[in-house]
Each structure stands twice: as structure tokens, then as C-alpha cells.
Amino acid sequence: MHSDFVAPSVCRAIPTEPRKTPSIIPAETVLQTLHGYENNNLYLFLRSKFGTEDALLLMKDYRVGTSKHWPGSCVFWQTDVEGKTHTGKVMLYNSDNGKRVKYPFNHVTWVHSLLRLTDFNLRQCFFGEHLLPKNRGKPVAIVESEKTALVASYYLPEYIWLATGGKNGCFNTDALSVLKGYHVILYPDLGATDHWRQKLCLLRNLGIQASIFNFLEDVATDDERTAGLDIADYLLQIEPDQAILQAMIRHNPMLQKLIDELQCNLVSVERYNQITDTINNPSKSETK
């Protein structure tokens, strides 16, 4: 793995002035959103890639909700290590390609704004932070996008994937303090590597071992850099067996009925080579 480990630095974490207790979104409000995934575009996209079971598991583990604010939109709840939800970010994705809907306007807003909560004291935390207590032995990987955290968690479950929710999100002493005792690796979007490298000193000054993954920045093309791709864009090019099966079902919907009737479970996909008339690139097991 290509990474730059933090070097001694003269920079210091900026102390956070004492503030009021952060406001909390009621647990009932959060629970009301943790269903209706058939109307959730992000879930539909993940399902097309990973299959129903794994897509649902990702939504449940990360506590991603469904919003009615825009048809098909989702809610990324920011729940801390104590299980308290600070806010939720409502976003709309395209169910076919998994990209954010930015036209005719950028479809993103906040739950506390939609609820018109008075005197709301927002103090953001990492998306996925609630997963830390039950995964203490794992290193922490930090990305910018919530969707990227979900996708990377599927492909690389040996890490706890958290999202800052923005280029500068959560890079303050309050938010970073929960990472003490973990080894942290930053995975910036293309074009943001130098900016995030400057944040390493904040982690170091809190006694957190940290490094930055810069391999993608080294090998990316100019077009990829201009597009601001992140690790999820590359991981999604690795097509899992479930994605192949879902593509077959879209081509022939009767296949799903046959699978259900025969109670088949996907164990692996093997690819047929028309040139050599052989089956190659086998996965770990077979469809039975």
C-alpha cells in the first residue's frame, strides 16, 4: 500500500472553544426512515452491484435511511459512538449509475433544516462513527463521501470505513478525538490529496497514528483527476459475482423467478471464453 506516514510537524491542532451541548435528532425520527428501501435510489444502485442481501446489510449497518423529501432520496445519519444522532444529510442519487443528482440543482439538504428545529446546535460527527465501538481491532479508513464508505466497506471489510461528508468535514479536535487508539488511513478524492495531507498534523497532535493513501493520485490520468474520482470509482470497476447475476436478471427477469422457485443460492460465477470454448476465471464456488 502506498502511503505517506505523518512526519514531525510544527502545526498544532486548534483548540475548540467550549460550546453548548450538541443537539440530537430523536431516535424515533431516525427509526422512521430505516425502511422503504425499494424507494431508495442509493439502495437500488447498491443492490444492482452487490445483490439484495449485501445491499440491505450495508444500509442497515450504516443506518442509511429513506427520505420522502425528494422521491428516491436517502438520509445519511451521523450517529456518534454513544449512539446519538447529530443530524442527517439528505441526498438524491441516480439509481442506474450511482451518481449524485446535481441538475437542475444539487439535491442535498439537512434533516435539522427540514424539521425547522429551533436553537439547533449542530456538531457534526463522522458518518459511520457508531461502528467504532464494536470494531476496535480494525484500522480506520476515512473518505469524503458517504456512498464511498458504503462501497469500500463491501470490497474492503477489514477496515472501518468512515466519511467526513465534505473536503473539510470533521477535521477538528472534537470530531477526531474518537479516533484515539486506532490506526487511521486517509483516502482523499483525487485532487484533494495535498489538502488532506496537511490534516495529518491534527491527528498526530491528538496522539493518533495516521497515514495517507496517495497511490491513486500517483497513477491517475488527467481526466480522472479532473473528474475528482475517489477509491469507490475504482473499486466499482471490480465486478462482483452478484453484479453479474443482477445484470443477467435485468436482461431476463424470468431468471429471478426461477432462482426463487428453486431456492438457488449464488456461490460463484464462472465466465465462458468463446474463443477457447472453456470456462475460466472461476470464483470460489458455483451457483447451485
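Predicted model: local features only at pLDDT ≥ 70, side-chain atom pairs only at ≥ 80, totals over all residues.
Leaving aside neighbours within four places in sequence, H86 is in contact with P22, S23, I24, I25, Q78, D80, F120, L122, R123, Q124 and C125. The residue belongs to strand 4, which spans residues 85-91. Its relative accessible area is 8%, so H86 is buried.

Select R116 in the loop between helix 4 (111-114) and strand 6 (140-143). Its phi is near 55 degrees, a positive value in a residue other than glycine. Is R116 buried or exposed? Its relative accessibility is 71%, over the 50% cut-off, so R116 counts as exposed.

Now move to C170, located in the loop between strand 7 (160-163) and helix 6 (173-176). Here too phi is positive in a residue other than glycine, with a value near 65 degrees. C170 has a relative accessibility of 5% and therefore counts as buried.

For the next view, select helix 2 (residues 41-50) together with helix 3 (residues 52-61). The two helices pack at an angle of about 135 degrees, and their axes are 7 Å apart. That angle makes helix 2 oblique to helix 3. Their crossing is right-handed. To see the contact itself, show the side chains of Y43, L46, R47 and F50 in helix 2, which meet T52, D54, A55, L56, L58 and M59 in helix 3. By class, this contact has seven nonpolar, one polar and two charged residues.

Finally, colour the chain by pLDDT. The mean over the chain is 87, and 86% of the residues reach 70 or more. Select residues 1-10, where pLDDT is below 50; this stretch has 28 contacts in the model beyond near neighbours in sequence. Then select residues 280-288, over which pLDDT stays under 50. For residues 280-288 the model has 24 contacts beyond four places in sequence.

Key
Residues numbered from 1 in each chain as written. Heavy atoms only, no water. Axes fitted to C-alpha atoms, helices over the stretch in contact; angles between N-to-C directions. Helix = DSSP H or I, 4+ residues; strand = E, 2+ residues; numbered from the N terminus. Parallel < 35°, antiparallel > 145°, perpendicular 65-115°, else oblique. Left-handed = near helix turned anticlockwise from the far one by under 90°. Contact = heavy atoms within 4.5 Å. Nonpolar A, V, L, I, M, F, W, Y, C, P; charged D, E, K, R; others polar. pLDDT = per-residue confidence, 0-100. Buried < 20%, exposed > 50% of the residue type's maximum accessible area, 1.4 Å probe, protein only.
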